[in-house]
Amino acid sequence: MPVSRFANPGKFLRLADRLLPWLGTAAIVSFAYGLYLALYASPPDYQQGETVRIMYVHVPAAWMGLVIYVAMAIIAGIGLVARHALADIFCTAAAPVGAVLTALCLITGSLWGQPTWGAWWVWDARLTSVLILFFLYCGYILLRHSFDDHDKGGKAGAILLLVGIVNIPIIHFSVLWWNTLHQPPSVFRLTGPSIAPGMLKPLLAMAFAYLLYAKSVILLRMKTELLARKIETTEMLDDSD
Amino acid sequence: MKNFLRLLRADMRLQTRCRAEWVALVMFFIIVNFLLPFAIGPDPELLQRLAPGLIWLAALLMSLLALETLFIADARDGTLDLMLLSPLPLPLIVLSKLIAQALIIVAGLALMVGPAALLLGMNLALLPVLLLSLALGVPVLVLLGGVAASITVALNRNPALLILLLIPFYIPVLIFAAGACEAALMGAPVAPHLLLLGAMLALLLPSAPFVIAAGLRSAEG
């Protein structure tokens, strides 16, 4: 198993040290390129004008918010079954990143909604789903931090993540259904059915930049988390002397 | 099976003997319904329109209150250790506990939904649909609540955290239940909403006890 080789924290730390500078540089470069495309080299929308540029910050944040949650749930599941030492470290490190990106999605969405819909918040199905995702993140982070015992906390967190991933489709579907009962969804559609190719390229570039950013920050946070736990153990050993 | 029924009877007896707790829960439900008109005004038309949703909200809050102590009392007095050591499979013990808990809440609601509906001036033709949605929905709330209670049991007591964990999972139940009442109000078919609630119950009833058992084991292990 190639993955289990990195269950050894020392090996993982060495690999992380080697990867981090590359990932970080790549993230900065792709952000520069993506932002250049998004803010200068792309056309304004024929209806929304310049405000459409919020999309390039907003949509990738939403994607990453969901992707990180799914990744956490999958890795938590693997961690529960295979007792991989790094699974809990990954989830602890990734959760705040996912939560912040989801919050960014909500904030930019609100800023975008004001000029286009005339309201900071509407009870649109998609908005509500993202808000619920944010609450799921908050619940996980608070639960995880309530435990002093990493072993118990990791297991409790993993169970919550797995129950959450099973429920996300149910929640999303129910919210969609709830909303269509009250108001037609066509009014609050974020984009048209198809996106212009001139906008697709900056969007994908930004999504790629977000992905690299998330990867490097999560890797850095995993490193810190590993070191923090090492210090904790050393302190505990010192106390017992 | 015989052991399970015996266990269920014991759990039911435990629940019914703690009468003060049960009465407090039922009173909580009534008080929430009683307070709402003060918060939104006494306009009968408005109250009638909002009544099913308000009653459901009160029922949801009442379930949250009941779940707060679900496994904590057992963990404190050592019952949980005996549950883990028992020759009966742990999911079965958990299931019996949850069934007893759900039955006791539904029984309290069955008694009090009528008076609450009268207080809020609800259209009484809605009552059967409301009761049916509660009978299907409250067990779902209890099963989901059991999962959250099992993973927080090692933390001893943190009701705010429990509520934060549960709210995202409670939203679909609230949506389908309110949808059923809304459909009944409009004269639309209520069956799809109730069937979806039933589907959630059918999904959770066999799976939640195993998840809860895993949560309890990791808390004690």
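A crossing of two helices is left-handed if the near helix is turned anticlockwise from the far one by less than a right angle, and right-handed if clockwise. In this predicted model, local features need pLDDT of at least 70, side-chain atom pairs count only at pLDDT 80 or more, and totals for chains, interfaces and linings use all residues. Residues are numbered from 1 along each chain as its sequence is written, and chains are lettered from A, with ligands numbered from 1, in the order in which they are written.

**Helix 1 and helix 6 of chain A**
- The crossing of helix 1 of chain A and helix 6 of chain A is left-handed.
- The axes of helix 1 (residues 9–39) and helix 6 (residues 197–240) of chain A come within 7 Å and cross at roughly 150 degrees (axes are lines fitted to C-alpha atoms over the stretch in contact, and angles run from 0 to 180 degrees between N-to-C directions).
- Helix 1 of chain A is therefore roughly antiparallel to helix 6 of chain A, a term for angles over 145 degrees.

**Chain A against chain B**
- 22 residues of chain A are in contact with 22 residues of chain B (C-beta atoms, placed from the backbone, within 7 Å).
- Helix 5 of chain A supplies the largest share of the side of chain A that touches chain B, 14 residues.

**Confidence**
- Over residues 182–188 of chain A, pLDDT stays under 50.
- Where pLDDT is low, the predicted coordinates should not be read in detail.

Definitions and conventions
pLDDT = per-residue confidence, 0-100. Contact = placed C-beta atoms within 7 Å. Helix = DSSP H or I, 4+ residues; strand = E, 2+ residues; numbered from the N terminus. Parallel < 35°, antiparallel > 145°, perpendicular 65-115°, else oblique.
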